[in-house]
Amino acid sequence: MAEKKTLYEIFTEEASEIISMLENDLLELETDIENKNLVNSIFRYIHTLKGSSGMVDYFLLTKFTHELENILARIRSGDLKITPGLINLFLSAIDTLKQFLLYKPENAEDNIGLEVRALIEGIRKFKGLDISESDKEKKIPSSAKDNFEEKILQISMKFRPDIFETGTDPLMLLRELSEVSEIIRIKANTESIPAIEKLQYERLYLSWEMLLKTDRPLSTIENIFIFVKEDNTIVMEDVTDKFIGGIDTRYADKMLGEILEEEGYVTESELLEIIDNQKKMGEILVDSKNLDTNIVDKVLESQKKSRDLQISSTIRVDASKLDKLVNIVGELVISIARINQLVSEQSYKNRDLYDASEQLERISRYVQEQVMKVRMVPIEGTFRRFQRIVRDTARELDKRINLFMSGSDTELDKTLIEQIEDPLKHLIRNAVDHGVGSPDERIAAGKPVEGSIWLRAYQQEGKIIIEVEDDGKGIDKKAILRKAGEKGLYKGGDLSNKEIYNFLFLPGFTTAKHVSEISGRGVGLDVVRKNIESLRGSIDVFSETGKGTLFRLKLPLTLAIIEGMQVSIGEEIITVPLFSIVEAVRPEDNIVKTIEGKGELMEFRESYIPLLRLYEIFGFETKVKDPANALILILEGHHRKIGLMVDDVIGQQQVVIKSLEKNYRQVPGISGATVLGGGKISLILDVYGLEKLAFGDMT
Amino acid sequence: MNKRILIVDDSATLRASVNFVLTDAGYEVVQAKNGEEGLDILKRLKVSSSKIDMIISDINMPVMDGITFVKEVKKGEFRFVPILILTTESENAKKMEGKAAGASGWLVKPFKPEQLLWVVKKFVR
């Protein structure tokens, strides 16, 4: 009986039987080459031989039969035609197969290795055949790549209800998982179990969620699901990053009930019921579910630890998606504000509607705030890079400088951060190069040899302020005036500090005696200011001789939205950024004077400022042409205050800026457009652009 | 009581090796040469009210192939019995065909004793 024989004896017996039948079939095929049944039968014999040889570790034979099987597969698929040459090749393969059985697997290589290899070569070179070795290599599983570090996996298993009919029992999978990992927590969702009379014992109503810890390669865990992953929902996620020292950092943002539900102590519906009661969550759960107070305390403790840790986990989102979201939410807020306004005008008619609308507006603003926050990034990363720049630049110049930073956790819109990096870098290099003096100079001035530069960020009055300050010698006002004189920009007379410092921001203006590698590269403060202003920000300089210099940048919190005042000119509505408006005045008669070569001036606080008629500048139609009937907005420009004449003020509103450049083209004096509540388009005024347009300033 | 496993394969070598490995591990093994013989054995087990814990079947067999066999088993009394199909690398499509027919899993030939035991233990304890 077979049981008494060794496996190898059974194999050789079977193999010689197969080989002789193969030979018969082949000879028959030679006379009947169209016979598909013969080809199938030959294929099966070779296939069986391949399988059997593998079972007895006869690898050379497995390899050989594998090659034969490949050709047969191509013949079966009609890819390769049977020719007399092919039949001859197979017949010599049969002779080789017979030889295989004369040797034991361990001796085969020495005795027939060469012959087999030659034949394999012959098979591969057979006309039209191209089976490369690399095909096989691809199939080698890459388990070597797996690392063996401990990881935490979150697995959710949802099976098809008829899983039992496929012969798989989920319990087996759970047992297997517990053998190769430590199950930290597991929860079975029992919510979909029907009432007992509807229960079908052959169906699965449960699904599972679990968290487990393992140091096995990921493939070990994946292999457990090898037979079920195709037609069931098995989601595996490596959440190792979310755990720090065994603490689930995700607890920080979760409610206690949520955690208990996730861990399977309570169900969602139980939770919802309890939430309706609005008592203290922990107490209610303990009372109503006989939940162990220890469990609640334990979870509360984990939650607290997690919150303490508060490591923000991150999701990468395409910035353009965020931009879209910010835009849409902006539109939403504005539309809601508009509705609210309409409702409030009739609030006496329907008080409830008014209250609801107020509430809606509040919520929409909250949503907007949160959406904006998504775009906000701490300035820390940028600040940290400056540390390096200061160090390197100072070393190059043989200076000793300490950089002090504060407010690096201040959050700014991501686009803003990207765009202020270059201007800030320039200011910092300036401070190192021109601000802080050389050690000799400093000693002579009675200052510590080591210079200091302060970099500060903070929020003030809805704006972001960034300051770069040094403890150097201060700005030499006389040098500026001298230089301005040389350039023909200054013709004598008293100037305020601000007016003097303004020269610094003109293109090509530098007082440095030498052009250093560090800051004198033709990129001057004019570019810095331009960059800051293009972000709707401003830059101010404060300096005290012998004490130091401070550059202060004021930036909006966001680029997407501005607070604007809507003014009318004829049929048009123009939005003027609120931050540029000093005040609005209703002029008395005769305040306007015309001066030869200087245009119109108006009296404002005992001095004269230029008056611009907006309808003239943009060519709008209006009936209001007498300043006495008009409204004048006093705007803060770069170099001067400006009176801007408009018909009337309509109101004040937040608007979402749409770029004109993107949709049309750049228009001087206009920074963009916005869609108002009623669907009307309003252009947004660019005050600095307007100033340039009207006065032909260089900046 | 020992768990009973049916092996259906036309290769005597394969049947023998499965038999060796599983008997050693304490299972009772029943053998069949093709799908038809396999169905016959199941019929007799049913008549004698005996049970079967797992079926291991080759795909490529004369008389009745593995896919047909699996489909037939799924129609009858033993439809909840897990079926493991044996395939070779070159038969990737067969794995899916087998799954579609109702097989619970597959094992790629040639396999090592421990691989066979690992898979069998997934289904039979």
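This is a predicted model: local features need pLDDT of at least 70, side-chain atom pairs count only at pLDDT 80 or more; totals for chains, interfaces and linings use all residues.
User: Which residues line the second largest cavity?
Analyst: Chain B supplies Lys122(B) and Phe123(B).

User: Which elements give two or more residues to the lining of the second largest cavity?
Analyst: The elements are H7 of chain A and helix H5 (113-123) of chain B.

User: How do the residues of that lining divide by class?
Analyst: The division is 6 nonpolar, 1 polar and 2 charged.

User: Which residue does Lys122(B) meet in a salt bridge?
Analyst: Side chains of opposite charge can pair when their charged atoms come close. Here the N to O distance is 3.1 Å, and the cut-off is 4 Å. The partner of Lys122(B) is Glu176(A).

User: How many salt bridges does the rule find across the interface of chain A and chain B?
Analyst: The pair Glu176(A) and Lys122(B) joins the two chains. Over all chains the structure holds 33 salt bridges. Across the interface the rule finds 2.

User: How much area do chain A and chain B bury between them?
Analyst: The contact involves 38 residues of chain A and 39 residues of chain B. Carbon and sulfur atoms account for 60% of the buried area. The total is about 3200 Å².

User: Which three residues supply more of the area that chain A buries against chain B than any other three?
Analyst: Together they supply 23% of that area.

User: How many residue pairs are in polar contact between chain A and chain B?
Analyst: Both residues of a pair must be at pLDDT 80 or more. With that condition, the count is 8.

User: Which element gives the largest share of the side of chain A that touches chain B?
Analyst: The elements that give two or more residues are helix H1 (7-31), helix H2 (36-55), helix H7 (170-180) and helix H8 (218-224) of chain A. The largest share is 9 residues. It comes from H2(A).

User: What is the volume of the largest cavity?
Analyst: The structure holds 3 cavities of 30 Å³ or more. Among the residues that line the largest are Leu26(A), Val39(A), Ile75(A) and Phe90(A). By class, its lining has 10 nonpolar, no polar and no charged residues. The volume is about 70 Å³.

User: Which element gives the most to the lining of the largest cavity?
Analyst: H1, H2, helix H3 (59-76) and helix H4 (84-100) of chain A each give two or more residues. The top contribution is 3 residues. It comes from H4(A).

User: How many residues apart are Asp355(A) and Arg351(A)?
Analyst: Their side chains meet in a salt bridge, 3.7 Å from N to O. Both lie in helix H14 (residues 351-375) of chain A. The spacing is about one turn of the helix, 4 residues.

Technical notes:
Residues are numbered from 1 along each chain as its sequence is written. Chains are lettered from A and ligands numbered from 1 in the order in which they are written. Side-chain values use heavy atoms; hydrogens and water are left out. Contact means heavy atoms within 4.5 Å. Buried area is the accessible area (1.4 Å probe) that two parts lose on being put together, summed over both. A polar contact is a pair of N or O atoms within 3.5 Å; within protein, one must be able to donate a hydrogen and the other to accept it, and residues adjacent in sequence count only if both atoms are side-chain atoms. On a 1 Å grid over the protein atoms alone, a cavity is a set of points where a 1.4 Å probe fits but cannot get out, and a pocket is an open set with protein on both sides within 12 Å along at least five of seven lines; lining residues have an atom within 4 Å of a point. Grid points are joined across faces, edges and corners, and a volume is the space filled by probe spheres set on the points. Ala, Val, Leu, Ile, Met, Phe, Trp, Tyr, Cys and Pro count as nonpolar, Asp, Glu, Lys and Arg as charged, and the others, Gly among them, as polar.
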